[in-house]
Amino acid sequence: MITTKTYFKPAFFSLMLSILISGNLMAQDNNAVVPQKNKWSFLVEPYMMFPSMNGSVGLGDLPDATIDAGSNDIFGNLKMGFMLNAEATTGKWTIGSDVLYMNLAQGVDPRNLINSGEITAKQIGWEVSGLYCVTPWLELGIGGLLNSINSGVDLNVNVIGGGTTTKSKSMTETWFDPMLIARVKSKPGEKFIYQFRGEIGGFGVGSDLAWQIQTYAGYQFSKLFQITGGYRIISLDYETGTGQNRFMYNVDTSGPVLRFGFNF
């Protein structure tokens, strides 16, 4: 028969030993990652964005529909989303990949011929970038943004003489935007981390004008794990085709972002 007293001693010492070992491991892991020259390090960041839409969409010969983020609850626009950012760096060079999928819905502002309606946008964006570290806090580079957007418009259009009629249309377009990129960020090894990233591109290759702004701040808890939060704006001004084949997407998608980073 094992008494409580004889069982308590080894259990107590085992517990103390576990605490000491865990504390030692946490102390070893409590330093931020400092990329070494010519040695690759990796960051994987799944993230959440709570977006709203602001701008206008035109499909075929339907009246252009205007959307305003302020007219709806920002957290009610996202039906589904998946976002993943990944980076590989040697300290001087950084190669990045940012994949974004959003299924959005936004109410239409009533104006002119439009009584009411809704715009939906299923957006897939994939950006690949290469950045060079000019100083410990400044990176410059280029990238390419592949956009594929399925946009749908359901409108209640005013009829002359009274009443409304329903008109709907859906179209999908895919295009590529070259991008120029600048990023200001915290120095390697810091616990409190931040970054400001600005991009501009399109230049008529795809969009007439495409630009992005991202700003984040957070904390690196260990060599492995970090959390940052901030805000992101994605602006696309794209138009192609005429008549029934006309596709116009001049929309700013913006909202708060929460990122969970894993360093390897």
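Biologist: Which residue does the side chain of Glu 45 meet in a salt bridge?

Modeller: Arg 259. The N to O distance is 2.8 Å. This is a predicted model, so read that as a computed value.

Biologist: Where do Glu 45 and Arg 259 sit in the chain?

Modeller: Glu 45 is in strand β1, residues 41–49. Arg 259 is in strand β12, residues 247–263.

Biologist: Is Glu 45 buried or exposed? And Arg 259, buried or exposed?

Modeller: Glu 45 is buried, because its relative accessibility is 3% and the cut-off is under 20%. Arg 259 counts as buried too, at 3%.

Biologist: How many salt bridges does the count come to?

Modeller: Eight. One of them joins Arg 232 and Asp 98, with the closest N and O atoms 3.1 Å apart. That pair also links distant parts of the chain: Arg 232 is in strand β11, Asp 98 in strand β5, and 134 residues separate them. Arg 232 is buried at 3% relative accessibility. Asp 98 is buried at 6%.

Biologist: What is the relative accessibility of Arg 246, and of Asp 64?

Modeller: Arg 246 has 17% and counts as buried. Asp 64 has 38%, which makes it partly exposed.

Biologist: Switching topic. How many residues are in the largest nonpolar core?

Modeller: It has 34. Met 53, Ile 119, Leu 236, Phe 247 and Tyr 249 have the most contacts inside it. Strand β7, residues 138–158, gives the most to this core, with five residues.

Biologist: What is Ile 119 in contact with, leaving aside neighbours within four places in sequence?

Modeller: Among them are Met 53, Val 57, Ala 65 and Ile 67. The list also includes Leu 104, Ala 105 and Val 108, plus Ser 151, Gly 152 and Val 153. Gln 106 is one of the contacts as well.

Biologist: Which residues form the nonpolar patch on the surface?

Modeller: Trp 126, Val 128, Ile 142, Leu 146, Phe 176, Leu 180, Ile 200, Phe 203, Val 205 and Leu 209. Together they have about 940 Å² of accessible area. The elements giving two or more residues are β6, β7 and β8.

Biologist: Take Leu 180. Where is it found, and what is its relative accessible area?

Modeller: Leu 180 is in strand β8. Its relative accessible area is 46%, so it is partly exposed.

Biologist: What about Arg 111, where does it lie?

Modeller: In the loop between β5 and β6. Arg 111 is partly exposed, at 42% relative accessible area.

Biologist: Last one. Where does pLDDT stay under 50?

Modeller: Over residues 1–33. The model has 19 contacts beyond four places in sequence for that stretch. Where pLDDT is low, the predicted coordinates should not be read in detail. For the protein, the mean pLDDT is 85, and 83% of residues reach 70 or more.

Note on methods. Residues numbered from 1 in each chain as written. Predicted model: local features only at pLDDT ≥ 70, side-chain atom pairs only at ≥ 80, totals over all residues. Heavy atoms only, no water. Core = buried A, V, L, I, M, F, W, Y, C linked by side-chain atoms within 4.5 Å. Buried < 20%, exposed > 50% of the residue type's maximum accessible area, 1.4 Å probe, protein only. Helix = DSSP H or I, 4+ residues; strand = E, 2+ residues; numbered from the N terminus. Contact = heavy atoms within 4.5 Å. Patch = residues over 30% accessible without salt bridge, like charges linked within 9 Å, V, L, I, M, F, W, Y side chains within 5 Å. Areas by Shrake-Rupley, 256 points an atom, 1.4 Å probe, with all protein chains shown as cover. Salt bridge = Lys/Arg side-chain N within 4 Å of Asp/Glu carboxyl O. pLDDT = per-residue confidence, 0-100.
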